[in-house]
Amino acid sequence: MAMTSAYPAGATSGANAPGKIDFRSDTVTRPDAVMREAMMRAEVGDDVYGDDPTVNALETRAAGLLGKEAAVYCASGTQANLSAMLSHCQRGEEIIAGHGYHVLSAEAGGCAALGGIVPCAIRTGADGGLDPDDVEAAIKPDDPHYPISRLLSLENTMGGRVQSVERLNAATAVARRHGLSVHLDGARLMNASVALGVSASDLAACADTVTLCLSKGLGAPVGTVLAGPADVIARARRQRKLLGGAMRQSGVLAACGLHALDHNVTRLAEDHANARHLAEGLSELPGFEIDLESCQTNMVFARLPADNWRAILDHVDEAGVTLSRGRELRLVCHKDITSDGVEIALQAFQQAATS
Ligand SMILES: Cc1ncc(COP(=O)(O)O)c(C=O)c1O
């Protein structure tokens, strides 16, 4: 069967119109009034000259939060991951990552297309993590037939599931033994941190470089920070330029990131509680298959009944609930969905499933 779209379109046009309850992703959040005020107040300068005080403040703040020497503010998670990969690897070298990890499966093949980096996907465990034995087996011997294994790339959270420090350390220990560097795609690292009650810096300690998206659950409109050792981040800054991501008065955007770190981290627990409530409610409906085990942060994975899934989707859409269109659903809770919004969605599903 052909692969389905990684990001299917919404059910209707105007899917994220105000008033809609949009579960497609935590990327759909809009900056709220206080965040927009922070943008307005932001002091700015030309960041390519290193002159933007708000970008500099965000980079310093992110480096501290993630326990690294330095950080660089990128336009997106894709750009931050690619800047990291290009900084770690030369052409013909290999990146090892889990099957389904975003860096390999949903970033347009950038590492291979733009970096000549050879992707190697290994089995991803049920918790989204990698088994040390699988990492060991994937690392190539020093043999001219093979690419040079250079980088292990992790992801946490992965599909809404969290990996503990111990789990991350077990995989990275193998990489270290073979001289590989380690990158962590921490697009939703703060969700993992809040769910586990473990600091982001402890979760990132296993990796040389780590990304953190500000535009997902944290609610900023734009931006991902990449943090790591000062020399690697200096290289990544050059790669960001090469990728067209060096911006000028980007302090207006960085201000949103700072605001998000100040105000939108601890509240992620609300999204997790909403997701849990949604998962449990949906699991009681006839014919619905819900992966309760994987509902560890803000995502719910559901399989709708074979015979009436289209009718169910039509009904919930009419009730103002926006979902990706398909029998298998990922529903993502975020800052712009209240507990009332979850109740409305549950009621709509219930009516559709039992009518
Ligand atoms: C785990 C993960 N990493 C990276 C990205 C890329 O982020 P962006 O959409 O900002 O490029 C995403 C986007 O959804 C993601 O889910």
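Two strands pair if DSSP finds at least two bridges between them. Strands (E, at least two residues) and helices (H or I, at least four) are DSSP runs, numbered from the N terminus.

## The model

This is a predicted model: local features need pLDDT of at least 70, side-chain atom pairs count only at pLDDT 80 or more, and totals for chains, interfaces and linings use all residues. Residues are numbered from 1 along each chain as its sequence is written.

## Overall build

The protein has 14 helices and 12 strands. Its radius of gyration is 21 Å, close to the 20 Å that the globule rule gives for 355 residues, so the protein is as compact as a globular protein of that length. The radius is taken over C-alpha atoms, and the rule is 2.2 Å times the number of residues to the power 0.38. The C-alpha trace spans about 60 × 50 × 35 Å along its principal axes.

Of the 355 residues, 48% are buried. Buried means that 20 or more other C-beta atoms lie within 10 Å of a residue's own; exposed means 12 or fewer, and partly exposed lies in between, with C-beta atoms placed from the backbone. Two residues are in contact if their C-beta atoms, placed from the backbone, lie within 7 Å. Among contacts with a separation of 6 or more, 75% join residues 24 or more positions apart.

Strands of a sheet pair through backbone hydrogen bonds, either parallel or antiparallel.

Two bridges link S9 to strand S10 (residues 299–303) in the antiparallel sense. Here Ile290 stands opposite Ala302 in S10.

## The seven-stranded sheet

Another open sheet has seven strands in the order S2-S8-S7-S6-S5-S3-S4, with mixed pairing. Its edge strands, strand S2 (70–74) and strand S4 (118–122), each pair on one side only. From one strand to the next, the twist averages 20°.

Strand S5 (residues 148–155) pairs with S6 in the parallel sense over five bridges. Ser153 stands opposite His183 in S6. S6 also runs parallel to strand S7 (residues 209–213), joined by two bridges. There His183 stands opposite Thr209 in S7.

## Around the ligand

Which residues surround the ligand? They are Ser76, Gly77, Thr78, Asn81, His102, Glu155, Asp185, Ala187, Cys213, Ser215 and Thr224.

By class, the shell has two nonpolar, seven polar and two charged residues. Ala, Val, Leu, Ile, Met, Phe, Trp, Tyr, Cys and Pro count as nonpolar; Asp, Glu, Lys and Arg count as charged; the others, Gly among them, count as polar.

Technical notes
Near = placed C-beta within 6 Å. Axes fitted to C-alpha atoms, helices over the stretch in contact; angles between N-to-C directions.
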